[in-house]
Amino acid sequence: MMLDETSVPARQTEITDQPQKQDKKQINLAFIGGGWFAQWVHLPALVYLREHPQEQYDLRLRGIYRRNRSAAEELAHKYGFEQVYGSL
């Protein structure tokens with residue numbers, strides 16, 4: 001029996017050079033306070049985690065509260081918070 005091109009089943013899967021996309025666990029964060037320690041330690045570390053796509057988390061900075069609303073607005077703009085809250 002001779003095989004020709006029509007008798008060989010087509011390959012069902014495609015081979016790609018791109019790695020498979022992994023589902024990332026979404027984490028939503030809001031901050032109460034934004035003093036010096038948060039500005040020098042917590043916020044830069046969270047921005048690093050958010051900006052590196054090889055990490056396993058999808059980090060969302062949802063909101064920030066500070067007694068001084070204008071200071072909270074500055075931090076929201078600098079670090080990418082979605083909302084600024086003026087009261088708890």
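**View 1. Arg69 is partly exposed, with a relative accessible area of 40%, and it forms a salt bridge with Glu73, the closest N and O atoms being 3.3 Å apart.** The model is a predicted one, in which local features need pLDDT of at least 70 and side-chain atom pairs count only at pLDDT 80 or more, while totals for chains, interfaces and linings use all residues. Residues are numbered from 1 along each chain as its sequence is written, and side-chain values use heavy atoms, with hydrogens and water left out. A salt bridge is a side-chain nitrogen of Lys or Arg within 4 Å of a carboxyl oxygen of Asp or Glu, and partly exposed stands between buried (under 20% relative accessible area) and exposed (over 50%), judged with a 1.4 Å probe and protein chains only. Both partners lie in helix H2, 4 residues apart, which is about one turn of the helix; helices (H or I, at least four residues) and strands (E, at least two) are DSSP runs, numbered from the N terminus. Glu73 is likewise partly exposed, at 39% relative accessibility.

**View 2. The chain carries 3 salt bridges by this rule, and this view turns to those made by Arg60 and Arg62.** Side chains of opposite charge can pair when their charged atoms come close. The side chain of Arg60 meets that of Asp58 at 2.8 Å, N to O; Arg60 is partly exposed at 30% relative accessibility, and Asp58 is partly exposed at 25%. Arg62 is joined by a salt bridge to Glu82, with their closest N and O atoms 2.9 Å apart. Because Arg62 lies in strand E2 and Glu82 in the loop between H2 and E3, this pair ties together parts that are 20 residues apart in sequence. Arg62 has a relative accessibility of 29% and counts as partly exposed, as does Glu82, with a relative accessible area of 47%.

**View 3. The largest nonpolar core has 14 residues, and those with the most contacts inside it are Phe31, Leu43, Ile64, Tyr79 and Phe81.** Such a core is a set of buried Ala, Val, Leu, Ile, Met, Phe, Trp, Tyr and Cys residues joined through side-chain atoms within 4.5 Å. Helix H1 (36-51), strand E2 (57-65) and helix H2 (69-79) each supply at least two of its residues. In soluble globular proteins, nonpolar side chains tend to be buried together. When residues up to four places away in sequence are not counted, Ile64 touches Phe31, Gly33, Ala72, Leu75, Ala76, Phe81, Gln83, Val84 and Tyr85, where contact means heavy atoms within 4.5 Å. In helix H1 stands Ala38, buried at 9% relative accessibility; leaving aside its neighbours within four places in sequence, Ala38 is in contact with Phe31, Leu43 and Pro44.

**View 4. Helix H2 has a buried side, made up of Ala71, Ala72, Leu75, Ala76 and Tyr79.** These residues lie on the same side of H2 because they cover an arc of only 140 degrees around the axis, the arc being that of the directions from the helix axis to the C-beta atoms. The face turned away from this buried side carries the exposed residues Glu74, His77 and Lys78. What covers the buried residues of H2 includes H1, E2 and strand E3 (83-85). Gly80, which follows the helix, has a positive phi, near 85 degrees.

**View 5. Gly34 sits in the loop between strand E1 (25-32) and H1.** Gly34 is buried, with a relative accessible area of 2%. Apart from residues up to four places away in sequence, Gly34 touches Gln39, Arg66 and Leu75. The C-alpha atoms of Gly34 and Ala76 are separated by 9.9 Å, although the two residues are 42 residues apart along the chain.

**View 6. Trp36, Phe37, Trp40 and Val41 form a nonpolar patch on the surface, with about 550 Å² of accessible area together.** Patches are made of residues with over 30% relative accessible area and no salt bridge, with like charges joined within 9 Å and nonpolar side chains (Val, Leu, Ile, Met, Phe, Trp, Tyr) within 5 Å; accessible areas come from the Shrake-Rupley method with a 1.4 Å probe, and for residues only the protein chains shown count as cover. Trp40 has its place in helix H1 and, at 70% relative accessibility, counts as exposed.
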